Amino acid sequence: MTTVELITAYYDAFNRGDMEAMLACLTEDVAHDVNQGGRETGKEAFRAFMGRMNHAYRERLADIVVMASADGARAAAEFTVHGTYLATDEGLPPASGQTYTLPGGAFFDIRDGRIARVTNYYNLEDWLAQVRG
């Protein structure tokens, strides 16, 4: 599987809500850089993060474009997030089913055919403006 195919499979699994297929794309020691937050390490930490996210948000990614370096060791993706804020996330405004659409992106390191690092980015101020109305 090429790097572009790997990242595409990862996002296809995300859009299907298939956590196990997403996790299968990751190394055991995956580094996950949370948007405007810290770094979490390991597949189990990623699983826990996604559990929290799936509790508070329902998201679908569209317009996904994946780019990879010639050697396949690094990649980036750009996409549009279409989401619904389902349950109040700690430190954020109250949730009441607000919907949002915003651009996002991610950067990846690839090792042995798996994602070894994923760094996510979206504009938090844009998201806050949308959910606050």
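User: How much space lies in the largest pocket?
Analyst: In this predicted model, the largest pocket holds about 990 Å³ of space.

User: Which residues lie nearest its centre, and how many line the largest pocket?
Analyst: The lining is made up of 39 residues, and those nearest the centre of the largest pocket are Phe49, Met53, Tyr57, Glu59 and Tyr122.

User: What is the lining of the largest pocket like by class?
Analyst: Sorted by class, the lining has 23 nonpolar residues, together with ten polar and six charged ones.

User: And which element gives the largest share of that lining?
Analyst: That is α3, with eight residues in the lining of the largest pocket. Several other elements supply at least two residues each, among them the helices α1 (3–16), α2 (19–24) and α4 (124–132), and the strands β3 (57–68), β4 (74–85), β5 (99–111) and β6 (114–122).

User: Switching to the sheet: what is the order of its strands?
Analyst: The sheet is open and has six strands in the order β2-β1-β6-β5-β4-β3, with mixed pairing. Because β2 (39–41) and β3 each have a single partner strand, they stand at the edges, and one side of each is left without a neighbour in the sheet. On average, and with direction ignored, neighbouring strands of this sheet are turned by 20 degrees against each other.

User: Which helices pack on the sheet?
Analyst: One of them is α3, which touches β1 (26–33), β2, β3, β4 and β6, and whose direction makes about 55 degrees with that of β1. Another is α4, which packs on the sheet with contacts to β3, β4, β5 and β6, its direction making about 150 degrees with that of β5.

User: Back to β3 and β4, how many bridges join them?
Analyst: Ten bridges join these two strands, which run antiparallel. Within the pairing, Glu59 stands opposite Gly83 of β4, while Ala62 has Thr80 of β4 as its bridge partner. Glu59 is also one of the residues nearest the centre of the largest pocket.

User: What lies between β3 and β4?
Analyst: The two strands form a hairpin with five residues between them, and in the turn Gly72 has a positive phi of about 75 degrees.

User: How is β4 joined to β5?
Analyst: β4 and β5 run antiparallel and are joined by eleven bridges; here Glu78 stands opposite Gly105 in β5.

User: Why is β4 largely enclosed?
Analyst: Nine of its twelve residues are buried, meaning under 20% relative accessible area, so β4 is largely enclosed by the rest of the structure.

How values were computed: Residues are numbered from 1 along each chain as its sequence is written. This is a predicted model: local features need pLDDT of at least 70, side-chain atom pairs count only at pLDDT 80 or more; totals for chains, interfaces and linings use all residues. Side-chain values use heavy atoms; hydrogens and water are left out. On a 1 Å grid over the protein atoms alone, a cavity is a set of points where a 1.4 Å probe fits but cannot get out, and a pocket is an open set with protein on both sides within 12 Å along at least five of seven lines; lining residues have an atom within 4 Å of a point. Grid points are joined across faces, edges and corners, and a volume is the space filled by probe spheres set on the points. Helices (H or I, at least four residues) and strands (E, at least two) are DSSP runs, numbered from the N terminus. Ala, Val, Leu, Ile, Met, Phe, Trp, Tyr, Cys and Pro count as nonpolar, Asp, Glu, Lys and Arg as charged, and the others, Gly among them, as polar. Buried means under 20% relative accessible area, exposed over 50%, partly exposed in between (1.4 Å probe, protein chains only). Two strands pair if DSSP finds at least two bridges between them. Axes are lines fitted to C-alpha atoms, for helices over the stretch in contact, and angles run from 0 to 180 degrees between N-to-C directions. Contact means heavy atoms within 4.5 Å.
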